[in-house]
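Me: Please take a close look at one helix packing in this model, and at one residue within it. Then set that part against the rest of the chain.

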Amino acid sequence: MKWLYLFKANFRREYIYLKRYLPNTISEFITFYAIFLFLFFGIQIVGDPSTVEVNVQNTIVNYLFWFLAMMVMQGIGWSIMNEAQLGTLEQMYMSPMGAWKILLARIISSTILQLVMIVILLYLSMITTNTWLNVDVLSILPILIFTLISMVGVSFMIAGLAIIFKQIGSFLQIFQFILMGLTFAPLSTMPYLTILPVVKGVDMARGIMIHHSSLMNFSIVDYTSLIANAAVYLFLGVVVFKRCEKTAMIKGVLGQH
């Protein structure tokens, strides 16, 4: 019951935030749509005409997961930085629920709202390019959930750094390009990237959306890799975050900015 109240409070907070700063939300949406248009027209101009359709399909899937990965994996880090700037970070630690639970509820709430924007971007991109993907929700959803879990784990790691160093904006900007590499990387030619977050989930989602695969087409190895990746990164994320919390408290820099 406490978790439900916590989730409802944070979901309402994130919704109010998006609504109150609506121009920023709209500009964010337009920016990412413009990025896709640049990618699309780049493929049209310099791409091989015989593979344009496949390249466009891959671009749509990859750039949507890139957008999602940025929102989720950087979300808690930005939240910590904002709390530190506002001087309310220590107030979070006064809650009986614990800071990491509040941040988890916050990132889940934010992700749900961001998924609405991503679905709109997906259909807008397909309409713009006249390229239609296999949007099999029942097949995509389980893969998406485990992919999101690994993203949340990385987000906690980044949040741990933010607790200690406070200002990590430059790192997050560079991290955006690392995420682009992960989401655009072809796993077929670089199978060792399976150990990294996001990569396996994006590869399986591409199989469903582009090649019309179903959940039955994936092997036990695929599912084991996906689930293990999610579990490991979530575990490491929480451990790293708690360790950084302890370090910040020992050094007395938790509420400093």
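Reply:

**Packing of α3 and α8**

In this predicted model, helix α3 (residues 52-73) packs against α8 at an angle of about 140°, and their axes are 9 Å apart. Angles over 145 degrees would count as roughly antiparallel; α3 is therefore oblique to α8. The crossing in which α3 passes α8 is right-handed.

On the α3 side, the contact is made by N62, Y63, F65, W66, A69, M70 and M73. The residues that α8 brings to this contact are F175, Q176, L179, M180, T183 and F184. By class, the residues of the contact of α3 with α8 comprise 10 nonpolar and 3 polar, with no charged.

One of the α8 residues in this contact is T183. Helix α8 covers residues 169-184, and T183 lies in this helix. T183 counts as buried because its relative accessibility is 1%, and the cut-off for buried is under 20%. With neighbours within four places in sequence left aside, T183 is in contact with N62, F65, W66, V198, V202 and R206. N62, F65 and W66 are among the α3 residues that make the helix contact. V198, V202 and R206 complete the set of residues that T183 touches beyond its sequence neighbours.

Another packing in the chain involves α4 and α7. The axes of helix α4 (residues 75-86) and helix α7 (residues 137-165) come within 7 Å and cross at roughly 25°. This makes α4 roughly parallel to α7, because angles under 35 degrees fall in that class. The crossing of α4 and α7 is right-handed.

From α4, the contact is made by G75, I76, G77, I80 and M81. From α7, the residues involved are S155, F156, I158, A159, A162 and I163. The residues of the contact of α4 with α7 divide into 8 nonpolar and 3 polar, and none is charged.

**The chain around them**

The secondary structure of the chain comes to 10 helices and 0 strands. The chain has a radius of gyration of 19 Å, close to the 18 Å that the globule rule gives for 257 residues, so it is as compact as a globular protein of that length. Its C-alpha trace spans about 60 × 45 × 35 Å along the principal axes of the chain.

Buried residues make up 47% of the 257 residues, and T183 is one of the residues that count as buried. Of the contacts in the chain with a separation of 6 or more, 81% are between residues 24 or more positions apart.

Key:
Residues are numbered from 1 along each chain as its sequence is written. This is a predicted model: local features need pLDDT of at least 70, side-chain atom pairs count only at pLDDT 80 or more; totals for chains, interfaces and linings use all residues. Side-chain values use heavy atoms; hydrogens and water are left out. Axes are lines fitted to C-alpha atoms, for helices over the stretch in contact, and angles run from 0 to 180 degrees between N-to-C directions. Helices (H or I, at least four residues) and strands (E, at least two) are DSSP runs, numbered from the N terminus. Angles under 35 degrees count as roughly parallel, over 145 as roughly antiparallel, 65 to 115 as roughly perpendicular and the rest as oblique. A crossing is left-handed if the near helix is turned anticlockwise from the far one by less than a right angle, and right-handed if clockwise. Contact means heavy atoms within 4.5 Å. Ala, Val, Leu, Ile, Met, Phe, Trp, Tyr, Cys and Pro count as nonpolar, Asp, Glu, Lys and Arg as charged, and the others, Gly among them, as polar. The radius of gyration is taken over C-alpha atoms; the globule rule is 2.2 Å times the number of residues to the power 0.38. Buried means under 20% relative accessible area, exposed over 50%, partly exposed in between (1.4 Å probe, protein chains only).
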